[in-house]
Amino acid sequence: MIRQDSSEVLHPFEYQDVKINNLRVKLADVFVGTVPAATGAPAAVYASWTAQGFSFRVLRRSPSDNEEFKNILGLDKLLSTIMATSFSEIPVIDFARLRSPENKPLALQQLKDALFKVGFLYLINTGLESVLDEGHRAAPELFNLPAESKEKCSMINSPSFLGYTALGAETTASQTDLREQFDFGTPVTNHWTDNDPLWQRLEGPSQYPDAKTEDLANRLIYQMSGLAATFLEAVAECLELPKDTFAPFRGHMDRLKFIKYPPSRSSQGVGPHKDSTGLFTFLSQDSVGGLQVLNRAGQWIDAPPVPESLVVNIAQGFEAITGGRCHATTHRVVVSLAHLET
Ligand SMILES: [Fe+2]
């Protein structure tokens, strides 16, 4: 909850930072607007989202204590609005209904709401349940491969950032992430040269530890890619745009990631972040859980595993092409004690 402590939040001239959830957050840097006072000059307000929540500051001093108080009332209203529009759970969108003429109008409206208000959703009835289950059953064997087999396809060797990343090799929000992962991509035939645009280096060959993994990865990518294409058409439709609006933004390579969060005394599976790659992320969770999503009021909302669903979230690519109207929502993975004890 945003704590409105009168000794700290309501006296902005002595306390330029604000305190939310007992965490002191950074000064804001995004101009939001002015909070009109009942009389006199309005207070200019800057606000931003941080990993910890919402922060703001008043930039202009009011001419009197009385007027300052009225400005503070304006800030209260601003905060109330933010709290009222914040989500408290992740919406569920039925993929089959998005494709059914009878149910489509309502499902598209639900999708639109999810995109604008949350940035995260559960997608159910995708038709990919079988291949995703196969992926989950194969994952333990993949991560149990000998260390030398995994290191043989280390991401360090790949200019396209494809391959194996060992436990503890990544850092998010200044803390070590406790996860192990394999990144694969759509098979490509081109090999980057000095004459090609720099970004095309990202579309390169994958590194597989064995043929079985290569086969599974390619089947998963192929099926997920088909789902993503249909989902993007629905996204365009719900925004009242031509169905193929987002197709040109997809590039030539989709990416697939297997992630393992091993039991740990540290709680950070992966720290607070927005997904930077691509337009949307499609995540198939196992039963462990730990995914949390940050709402506009600075609260972490659990996104627990929903059997046979995919968690879909907006990545920064889609945020960019919508001019920021559809936000990439901050999220993290917390390793639970229950996970530690199993
Ligand atoms: Fe993420």
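Helices (H or I, at least four residues) and strands (E, at least two) are DSSP runs, numbered from the N terminus. The chain has eight helices and 18 strands. This is a predicted model: local features need pLDDT of at least 70, side-chain atom pairs count only at pLDDT 80 or more, and totals for chains, interfaces and linings use all residues. Residues are numbered from 1 along each chain as its sequence is written.

Take the whole chain. Of its 342 residues, 32% count as buried. Buried means that 20 or more other C-beta atoms, placed from the backbone, lie within 10 Å of the residue's own.

Now follow helix α6, residues 211-238. α6 has 28 residues. From first C-alpha to last, α6 reaches 40 Å, close to the 40 Å expected at 1.5 Å a residue. That expected span is 1.5 Å times one less than the number of residues. Glutamate 240 follows α6, and its phi is positive, near 60 degrees.

Which residues of α6 are buried? Among them are Leu216, Ile221, Met224, Phe231 and Val235. Their cover includes α2 (95-98), α3, α4 (129-143) and the strands β11 (180-185), β12 (255-260) and β14 (280-283).

Look at α3, residues 104-117. The axes of α3 and α6, lines fitted to C-alpha atoms over the stretch in contact, lie 9 Å apart at an angle of about 90 degrees. That makes α3 roughly perpendicular to α6, a label for angles of 65 to 115 degrees. Leu108, Leu111, Lys112 and Leu115 in α3 meet Ala234, Val235, Glu237 and Cys238 in α6. Contact means C-beta atoms, placed from the backbone, within 7 Å. These residues divide into six nonpolar, no polar and two charged. Ala, Val, Leu, Ile, Met, Phe, Trp, Tyr, Cys and Pro count as nonpolar, Asp, Glu, Lys and Arg as charged, and the others as polar.

Notes
Buried ≥ 20, exposed ≤ 12 C-beta atoms within 10 Å, placed from the backbone. Axes fitted to C-alpha atoms, helices over the stretch in contact; angles between N-to-C directions. Parallel < 35°, antiparallel > 145°, perpendicular 65-115°, else oblique. Contact = placed C-beta atoms within 7 Å.
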